[in-house]
Amino acid sequence: MPVYEIRSSSDILKSAGAILPNIEISLPQILVDELTKKGMPTPKPIAGNALIDTGASATVVDLSVISSLQISPVGVATVLTTAGPVQQNLFPIRFVLPGLVIDVSAVLGADLRPFGIVSLIGRDILSSFLMIYHGRAGMITLAF
């Protein structure tokens, strides 16, 4: 069982939240295979911080990352926000963490730049993990 562990501090967990540092976001394998078949170059992965959000039902990736990877939408979802329902595009994506690769068929795209993150990891992905949030020790453990 692959295990991904983040060691931080209780103060950082309290102020910044459950941050997964330096994750890579790239094209899912199915899109890489398609580009390879056509003899086209594959965009380089983009690294950044992700925030675990157990209150979010869906995972979100920053639109600038999606644009840099040149990923086309695969659908649309209605998202309930504090301002009411909003239509957002869905995109296939790959997350790479040390020792772990996760292809996701559909994540939401939104502007996350003001928060300094490239992704918000929601319950759609977290439901595949055992997650231990040890606030006093400043540790987050994900086991897949």
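**View 1. Asn22 sits in strand β2 (residues 19-26) of this predicted model.** Strands (E, at least two residues) and helices (H or I, at least four) are DSSP runs, numbered from the N terminus. Asn22 is exposed, with a relative accessible area of 57%; exposed means over 50%, buried under 20%, and partly exposed in between (1.4 Å probe, protein chains only). Its phi is near 55 degrees, a positive value in a residue other than glycine. Most residues other than glycine have a negative phi.

View 2. Ala47 is partly exposed, at 45% relative accessible area. Leaving aside residues up to four places away in sequence, Ala47 touches Asn22, Ile23, Glu24 and Val118, where contact means heavy atoms within 4.5 Å. Ile25 and Ala47 are 22 residues apart in sequence, yet their C-alpha atoms are 6.2 Å apart.

**View 3. Gln70 lies in the loop between α3 (63-68) and β5 (75-81).** Gln70 is exposed, with a relative accessible area of 65%. The phi of Gln70, near 55 degrees, is positive in a residue other than glycine.

**View 4. Leu20, Phe95 and Ile125 are among the residues lining the largest cavity.** β6 (84-97) and α4 (123-126) each supply at least two lining residues.

**Reading the views.** Residues are numbered from 1 along each chain as its sequence is written, and side-chain values use heavy atoms, without hydrogens and water. Local features need pLDDT of at least 70, and side-chain atom pairs count only at pLDDT 80 or more, while totals for chains, interfaces and linings use all residues. A cavity is a set of points on a 1 Å grid over the protein atoms alone where a 1.4 Å probe fits but cannot get out, and lining residues have an atom within 4 Å of a point.

Conventions:
1 Å grid on protein atoms, 1.4 Å probe; cavity = no way out; pocket = protein on both sides within 12 Å on 5 of 7 lines; lining within 4 Å.
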